[in-house]
Amino acid sequence: MSKVAILVTIHEGDDGSAGCLEECQRQVDAVASEGKYTFSIFLNDAGEKGYQAVCEKASKEGADFFLWLDHDLSLDEGMLACLLENSEFLRHKAVITGTVARPDKSLLFGGRTRRGRLIEPDPIIPVPCHLFDLSIALVPEYVFSHIENPSDFFRRGLLNYGYGAKLAGAGVARMVAPGVLASTKRDPQIPSWKDPESSLKDKIIWLLRSLVK
């Protein structure tokens, strides 16, 4: 029986956290009843700074998978089953990222191209991506075993928006799960250096200005 550690990251504010955890637990109970997986939920209240610490904590309990979730998501009722089924299809050797949309259906988080642009998910099959967000991401332990320094997993590329550059270099597949798996009312302001629509010149200017502040 495989162990899944669900790592819920709490960002600024707490709107939606109770609803996300409640729906997550409901889906966990449904999947656990099939007898293939057991689940433990860990809360990360340090935002992005706490990613590595909460992952290390879960690793000590022998997790086979790490499922990252933002606390303020309204989860699709098939989210967990979709991630696990697609991971099984890919022999549990790929990161499976889930797409998150705004209430108006425009995409906010998910899989990204090399330049950081969001990828439209296919309604039926997983599709490859280069980078990804950790708003929803199922990561098998296999992934960390193929990185020379596992902490590199949590580093974004300087001019890219998303994780995954180190995995690409290690030959680890990154895939976008079918469909939109959650929505959120959060509308983060993306700085120029992270915005895939900004030119390289604008990104460099933003970085130089931030250094002299």
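The following legends describe close-up views of a predicted model.

**View 1. Cysteines without a disulfide.** The number of disulfides in this model is zero. Cys24 takes part in none, and the cysteine sulfur nearest to that of Cys24 belongs to Cys20, 6.2 Å away. Cys24 is buried, with a relative accessible area of 2%. Cys129 is likewise buried, and its relative accessible area is 8%.

View 2. Strand 5 covers residues 94-101, and eight of its eight residues are buried, so the strand is largely enclosed by the rest of the structure. In a regular strand, side chains alternate between the two faces of the sheet. In strand 5, Ala94, Ile96, Gly98 and Val100 point one way. Val95, Thr97, Thr99 and Ala101 point the other way, and the residues of both sets are all buried.

**View 3. Strand 5 beside strands 11 and 10.** Strand 11 (residues 173-183) pairs with strand 5 in the parallel sense, over seven bridges. Within this pairing, Ala173 of strand 11 stands opposite Ala94. Strand 10 (residues 136-140) also pairs with strand 5, but in the antiparallel sense and over two bridges. Here Thr97 has Ala137 of strand 10 as its bridge partner.

View 4. Strand 6 comprises residues 107-109 and runs antiparallel to strand 5, to which two bridges join it. Leu107 in strand 6 is the bridge partner of Ala101.

View 5. Strand 1, which spans residues 2-9, is mostly covered, with six of its eight residues buried. Strand 2 (residues 37-44) runs parallel to strand 1 and is joined to it by eight bridges. Ser40 of strand 2 stands opposite Ala5. Strand 3 (residues 65-70) pairs with strand 1 over six bridges, again in the parallel sense. Leu67 of strand 3 is the residue opposite Ile6.

Methods
Residues are numbered from 1 along each chain as its sequence is written. This is a predicted model: local features need pLDDT of at least 70, side-chain atom pairs count only at pLDDT 80 or more; totals for chains, interfaces and linings use all residues. Side-chain values use heavy atoms; hydrogens and water are left out. A disulfide is a pair of cysteine sulfur atoms within 2.5 Å. Buried means under 20% relative accessible area, exposed over 50%, partly exposed in between (1.4 Å probe, protein chains only). Helices (H or I, at least four residues) and strands (E, at least two) are DSSP runs, numbered from the N terminus. Two strands pair if DSSP finds at least two bridges between them.
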